[in-house]
Amino acid sequence: MAQQAYVTETDSGGPGPERPGSRFRRLLDGWRGDRGIWRRGLVTAGAAVLIALVMLFHAQIPNNVGNLGSLTETFLPWLGLLVPVLLVIAVVRKSATALIALLLPTVIWINSFGGLISDKSGTGGDLTVATHNVNADNPDPTGTAKDVAASGADVVALEELTADAVPTYEKALAGQYKYHSVQGTVGLWSKYPLTDSRPVDIKLGWVRAMRATVDTPKGQVGVYVAHLPSVRVKLDAGFTASQRDNSADALGEAIADERLGKVVLLGDLNGTMNDRALNAVTSQMRSTQGAAGNGFGFSWPASFPMARIDQIMVKGVEPVSSWTLPETASDHLPIAARVDLSS
């Protein structure tokens with residue numbers, strides 16, 4: 001009886017497909033025994049340590065020279081973009097020292113901003129609010145008003161209103177919002193009754209902040225609308241923000257004196273939650289984006305958002321969700337949030 005032999009071919013003579021692990025092993029082989037991996041990339045390692053120190057000790061950067069501290073804090077999350085750049089350099093240079101040093105800014109960035117990346121939004125809530133700096137030079141105020149109202153917000157705050165544009169906004173929003181109050185260049189539109197509407201003095205000499213009581217079905221809420229002074233970055237003066245900082249202190253004092261336990265702040269604060277200059281406000285209120293948002297929620301500039309200088313903040317109220325609305329004809333993006341008043 002003939003027997004058939006089966007032969008397993010072990011070498012076809014061709015290179016065959018390369019396994020992913022093979023590349024990694026070949027990379028390790030290239031580094032193994034190379035004593036230079038600890039001496040190379042010292043500049044890259046130094047840059048990584050410097051970034052880590054800035055993120056960790058940004059509050060210690062002085063503001064008395066061009067408000068450098070506030071400028072750094074405004075764009076602090078963007079320092080994380082330097083990490084992958086330095087990582088590529090470290091790999092190309094075959095620098096173990098740089099790779100280890102890069103762990104510092106990576107861990108600090110994740111600890112500081114990693115929580116903002118995840119989606120923390122929930123469901124439910126009693127009140128939806130929105131705010132928008134509509135831009136004094138807005139070429140389409142009617143369309144802008146309708147875009148913000150389309151969010152379904154129960155309460156809408158608008159900033160940078162001009163006297164000529166106010167009637168246009170009033171007409172565009174009248175169908176959805178029965179109650180409204182305009183104080184200076186800021187205004188509040190509501191589906192619920194407004195009482196005790198009045199300007200808030202933020203030490204400017206003209207009105208750019210207001211306060212009103214919104215009588216919701218779940219009780220009264222003190223709602224503040226504010227547009228803090230703009231800041232400028234100048235070559236000869238740095239980050240000029242003294243007027244903004246003084247107004248932030250005055251706004252913080254007004255909110256601290258608020259008699260109602262449930263408070264919502266809507267507006268363009270011309271500063272981020274990281275900016276120490278807003279401590280008078282941020283130390284006593286919570287950001288809806290930080291507590292219940294998805295991502296950083298950058299709002300300015302609308303064409304390429306790089307910072308969240310428009311804020312929705314609460315006290316005595318539980319944030320449920322927070323989001324950025326689609327672009328309008330303004331240079332800012334509108335933002336919205338839903339909150340729970342029963343807490």
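Ser190 first. Leaving aside residues up to four places away in sequence, Ser190 touches Asp154, Val155, Tyr177, Lys178, Tyr179 and Val214. This is a predicted model, so please hear every value as computed. Ser190 sits in strand β4. Is Ser190 buried or exposed? Its relative accessibility is 0%, so it counts as buried, the cut-off being under 20%. The side chain of Ser190 also has a polar atom 2.7 Å from the backbone oxygen of Tyr192.

Next, the sheet that holds β4. Six strands make an open sheet, ordered β3-β4-β2-β1-β14-β13, and the pairing is mixed. At its edges are β3, residues 179-183, and β13, residues 318-324, each of which pairs on one side only. From one strand to the next, the twist averages 15 degrees. Within this sheet, β1 and β2 run parallel and are joined by five bridges. To give one of the pairs, Ala130 has Val156 in β2 as its bridge partner.

On to the other sheet. In what order do its strands come? The order is β5-β6-β7-β10-β12-β11; this sheet of six strands is also described as open, with mixed pairing. The edge positions belong to β5, residues 194-199, and β11, residues 286-287. Each has a single partner strand, so one side of each is left without a neighbour in the sheet. Helix α9, residues 242-256, packs on this sheet and touches β7, β10 and β12. The direction of α9 makes about 175 degrees with that of β7. As for β10 and β12, they pair in the antiparallel sense, over six bridges. There, Asp268 has Asp310 of β12 as its bridge partner.

Last, the core. Which residues of the largest nonpolar core touch the most other members? They are Val129, Leu188 and Leu266, in a core of 23 residues. The elements giving two or more residues to this core include β1 (127-133), β2 (155-159), β4 (186-190) and β14 (335-340). Also on that list are β6 (209-216), β7 (219-227), β10 (263-268) and β12 (310-315).

Notes
Residues are numbered from 1 along each chain as its sequence is written. This is a predicted model: local features need pLDDT of at least 70, side-chain atom pairs count only at pLDDT 80 or more; totals for chains, interfaces and linings use all residues. Side-chain values use heavy atoms; hydrogens and water are left out. A nonpolar core is a set of buried Ala, Val, Leu, Ile, Met, Phe, Trp, Tyr and Cys residues joined through side-chain atoms within 4.5 Å. Buried means under 20% relative accessible area, exposed over 50%, partly exposed in between (1.4 Å probe, protein chains only). Helices (H or I, at least four residues) and strands (E, at least two) are DSSP runs, numbered from the N terminus. Two strands pair if DSSP finds at least two bridges between them. Contact means heavy atoms within 4.5 Å. Axes are lines fitted to C-alpha atoms, for helices over the stretch in contact, and angles run from 0 to 180 degrees between N-to-C directions. A polar contact is a pair of N or O atoms within 3.5 Å; within protein, one must be able to donate a hydrogen and the other to accept it, and residues adjacent in sequence count only if both atoms are side-chain atoms.
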